[in-house]
Amino acid sequence: VSVPAGQVEDTVLEIRPVDGAKGGPQRFQFDHAFGAAASQEDVFVEVSQLTQSALDGHNVAIFAYGQTGSGKTFTMEGPGGDPGVTPRAVERLFAHAAELSALGSSFEFEVSCLEVYNEEVRDLLAPPPKGGEPAKLKLQDLAGVVCVQGLKSTRVATAEEVAPLLAAAQRVRSTASTKMNDRSSRSHYVFRMRIRRREGEGGECRESELYLVDLAGSERVKESGVSGEQMVEARAINKSLSSLGDVVAALASGAKHVPFRNSKLTHLMQNALSGSSKTLMFVNISPLAKHYNESVSSLRFAQKVNGCLSSNKRGLPGK
């Protein structure tokens with residue numbers, strides 16, 4: 001896998017078949033293609049303006065999609081010394097909010113962390129009930145807005161207050177070992193920040209939500225070698241990812257019916273995929289030859305989503 005040399009912009013990714021395989025190189029066009037030398041800061045610079053749109057009253061969603069083990073959690077969360085999109089976005093939001101506060105705006109922030117596991121929505125910050133599993137929640141539609149009943153929301157005022165919440169959520173997220181990834185995420189992880197902005201005393205109040213989503217990895221059961229409970233997990237993961245693609249396609253085509261309720265993931269994300277929301281998708285792929293087929297599949301999905309988002313002009317297109 002490579003970003004071809006000589007490109008004026010890094011918008012093309014080329015993938016070549018393994019030795020002895022049929023077919024020639026395939027090229028895929030995106031809004032940006034990051035090579036292996038790209039840093040976490042390089043990646044965040046491309047999306048920083050989008051995350052700041054949440055302060056202006058827009059619902060914003062950023063997804064990381066790809067096969068298991070391709071680096072989605074690294075991109076979104078990152079290790080302690082090299083933070084990913086989520087901690088960088090939080091830090092940038094508070095810094096920008098401080099600048100706007102000096103001009104007369106005031107802000108309130110609330111943070112929640114959830115996972116969608118086997119079509120169940122779970123609260124990763126609430127004390128677990130007896131049995132040790134995170135609390136299971138129900139989704140409810142109220143006046144066109146999807147609400148999560150009983151979800152724990154924590155008021156925060158600084159990026160430093162968010163960091164332990166992120167760490168706590170990651171500790172209880174559902175994972176398992178497979179042939180493709182020794183710590184495979186078995187759930188879709190959703191970080192949600194709710195923002196209230198008021199202009200001066202008694203001024204207009206705007207509310208928005210920022211969703212940063214580390215999707216569970218798509219996987220081919222034959223390659224991951226899962227069975228039993230993990231087989232059920234894999235089927236639920238692949239079904240919800242397919243539903244996400246169907247929702248994006250329906251939105252782009254202007255369909256009268258958008259199938260948000262076909263999965264808990266898309267139902268949960270309805271607020272961030274509707275109205276004046278802005279949406280972006282990262283697609284992570286593995287450069288290893290043994291993952292060639294899965295990488296091509298991920299890139300084709302990405303190209304489909306990119307075309308849908310671009311044609312619908314929903315904020316920034318997928319990357």
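Why does Phe-107 count as buried? Its relative accessibility is 16%. Buried means under 20% relative accessible area, exposed means over 50%, and partly exposed lies in between, using a 1.4 Å probe and protein chains only.

## About the model

This is a predicted model, where local features need pLDDT of at least 70, side-chain atom pairs count only at pLDDT 80 or more, and totals for chains, interfaces and linings use all residues. Residues are numbered from 1 along each chain as its sequence is written, and side-chain values use heavy atoms, with hydrogens and water left out.

## An aromatic cluster

The structure holds three aromatic pairs. Rings of Phe, Tyr and Trp (its six-membered ring) pair if their centres lie within 6.5 Å; planes under 30 degrees apart count as stacked, over 60 as edge-to-face and the rest as tilted. One of the pairs joins Phe-94 and Phe-109. This pair is tilted, at 4.6 Å centre to centre and 55° between the planes. Phe-94 lies in helix α3 and Phe-109 in strand β4 (residues 105–117), so the pair ties together parts that are 15 residues apart in sequence. Helices (H or I, at least four residues) and strands (E, at least two) are DSSP runs, numbered from the N terminus.

Phe-109 also pairs with Phe-107. Here the rings are stacked, 5.9 Å centre to centre with 15° between the planes. Phe-94, Phe-107 and Phe-109 form one aromatic cluster. Phe-94 and Phe-109 are both buried. For Phe-109, the relative accessibility is 5%.

## Helix α1

Helix α1 covers residues 40–52. Its expected span is 1.5 Å times one less than its number of residues. With 13 residues, α1 should span 18 Å, and its end C-alpha atoms are 18 Å apart, which agrees.

The helix has a kink of about 45°, centred on Glu-46. The bend at a residue is the angle between axes fitted to the seven residues ending there and the seven starting there. The buried residues of α1 include Val-43, Phe-44, Val-47 and Leu-50.

## The largest cavity

Which spaces count as a cavity or a pocket? On a 1 Å grid over the protein atoms alone, a cavity is a set of points where a 1.4 Å probe fits but cannot get out. A pocket is an open set with protein on both sides within 12 Å along at least five of seven lines. Lining residues have an atom within 4 Å of a point. Grid points are joined across faces, edges and corners, and a volume is the space filled by probe spheres set on the points.

The structure holds one cavity of 30 Å³ or more. The largest cavity has a volume of about 50 Å³. Among its lining residues are Tyr-117, Glu-119, His-188 and Ser-240. Helix α6 (229–253) gives the largest share of this lining, three residues.

## The second largest pocket

The second largest pocket has a volume of about 380 Å³. It is lined by 17 residues, and the closest to its centre are Glu-77, Pro-83, Pro-87, Ala-163 and Leu-166. Helix α4 (159–172) supplies the largest share of the lining, seven residues.

## Two positive phi angles

Glu-119 has a positive phi of about 65° although it is not a glycine. Glu-119 lies in the loop between β4 and β5 (120–123). It is partly exposed, at 27% relative accessible area.

Ala-143 is not a glycine either, yet has a positive phi of about 55°. Ala-143 sits in the loop between β6 (135–142) and β7 (145–149). It is exposed, with a relative accessible area of 85%.
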